Amino acid sequence: MGEIVRLQRYIAMCGVCSRRKAEELITADRVKVNNQIANELGTKIEIGADKVKVDNREISYRSKLYHIMLNKPKGYITSSSDQFDRPTVIDLVSQDIHSRVFSVGRLDYNTEGLLFLTNDGDFAYKITHPKNQVEKTYIASLKKPLAISEINRLRRGVKIDDYVTQPAKVEILDSKTNKMTIKITIHEGKNRQVRKMIEAVGSEVSELKRVSVGTVELGNLPLGRWRYLTAHEVNYLKNM
Ligand code: URA
């Protein structure tokens, strides 16, 4: 008998998408098990015995897993396709990686820096699940310097939309009369979070770059280039 796993986990193991995205596909009636729509998140399947289709295409379990670090340049979207036909981060690896990979979380179109790409849904789940509180560090250039009181507000938490951010670490790297560069570490990954936090305290981001996730650093990987994560980095990220 093959291993029994939950349907959303199996879809992630097959490298289709992350486990959370798989849950959305299941509840949207896009998944079939043995040709019957399976829209319950508790559904269990037996690997190798049950036939699973996503959008009517059969998926299969591949054992070769990819864990990639990319230095994303500005002007690329973090998605595998775009309604406006803009270049995607997948375009930057697709010449060399012939398996379908997806990004772990997102970086905005105009944000640079460290982005993981993978076909390992479990890996993506560990990094993106809010309960794991993974630290993400950014270098942000600001159009207007912030006073210490405003930096302290960022540290304590600020209201963005209807959400109050968790305490952040903030360090001033450079301060001039008309601009400032800070290093900011957050745990959450709300949409455009760093940009909105800076706006909430009265400045604006001109450049944003992610430099680390947990203890894994972008280092001197050139812009637009990628490398495989080391076994040590993969183990660390999977066991955080
Ligand atoms: N915060 C942002 O504002 N943008 C990103 O891309 C990531 C974090």
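**Entry 1**

Strand β16 covers residues 216–217 and pairs with β15 in the antiparallel sense over 2 bridges. Val213 stands opposite Val216 of β16. I take helices (H or I, at least four residues) and strands (E, at least two) as DSSP runs, numbered from the N terminus. I count two strands as paired if DSSP finds at least two bridges between them.

I note that this is a predicted model, in which local features need pLDDT of at least 70 and side-chain atom pairs count only at pLDDT 80 or more, while totals for chains, interfaces and linings use all residues. Residues are numbered from 1 along each chain as its sequence is written, and side-chain values use heavy atoms, with hydrogens and water left out.

**Entry 2. Other partners of β15**

I then followed β15, which spans residues 205–213, to β9. These two strands pair in the parallel sense, over 3 bridges. In this pairing I found Gly113 opposite Arg210 of β15. Strand β10 (residues 136–142) runs antiparallel to β15 and is joined to it by 7 bridges. Here Ser141 stands opposite Glu207 of β15.

**Entry 3. Thr118 in β9**

I stayed with β9 (residues 111–118), in which Thr118 lies. Is Thr118 buried or exposed? Thr118 has 0% relative accessibility and therefore counts as buried; the class means under 20% relative accessible area, against over 50% for exposed and partly exposed in between (1.4 Å probe, protein chains only). A polar atom of the Thr118 side chain lies 2.6 Å from the backbone oxygen of Tyr66. I read this as a polar contact, that is, a pair of N or O atoms within 3.5 Å; within protein, one must be able to donate a hydrogen and the other to accept it, and residues adjacent in sequence count only if both atoms are side-chain atoms. Not counting residues up to four places away in sequence, Thr118 touches Tyr66, His67, Arg100, Val101, Phe102, Val104, Phe123 and Ala124. Contact here means heavy atoms within 4.5 Å.

**Entry 4. The ligand site**

Which residues are around the ligand? I listed Leu107, Asp108, Thr111, Tyr138, Arg192, Gln193, Val194, Arg195 and Leu208; a residue is near if one of its heavy atoms lies within 4 Å of the molecule. By class, the shell has 4 nonpolar, 2 polar and 3 charged residues. Ala, Val, Leu, Ile, Met, Phe, Trp, Tyr, Cys and Pro count as nonpolar, Asp, Glu, Lys and Arg as charged, and the others, Gly among them, as polar. Helix α5 (residues 193–200) gives the most to this shell, with 3 residues.

I then checked distances to the ligand. Asp108 has a polar side-chain atom 2.7 Å from a nitrogen atom of the ligand. A polar side-chain atom of Thr111 is 3.1 Å from a ligand oxygen atom. For Arg192, a polar backbone atom lies 3.3 Å from an oxygen atom of the ligand. Of the 240 Å² of accessible area that the ligand has on its own, the protein covers 95%. Accessible areas come from the Shrake-Rupley method with a 1.4 Å probe; for residues, only the protein chains shown count as cover.

**Entry 5. The open sheet and Val33**

I looked up an open sheet of 4 strands, ordered β3-β2-β5-β6 with antiparallel pairing. β3 (36–37) and β6 (57–58) stand at its edges with a single partner strand each, so one side of each has no neighbour in the sheet. Strand β5 (residues 52–54) is joined to β6 by 2 bridges, and Val54 stands opposite Arg57 of β6.

In strand β2 (residues 31–33) I picked out Val33, which is buried at a relative accessible area of 12%. Beyond four places in sequence, Val33 contacts Leu7, Ala38, Thr43, Ile45, Asp50, Lys51 and Val52. The C-alpha atoms of Val33 and Thr43 are 9.1 Å apart, across 10 residues of sequence.

**Entry 6. The chain as a whole**

The chain has 6 helices and 17 strands, and 45% of its 240 residues are buried. Its C-alpha atoms fill a box of roughly 65 × 40 × 40 Å along the principal axes. The chain exposes about 12,700 Å², of which carbon and sulfur atoms supply 45%.
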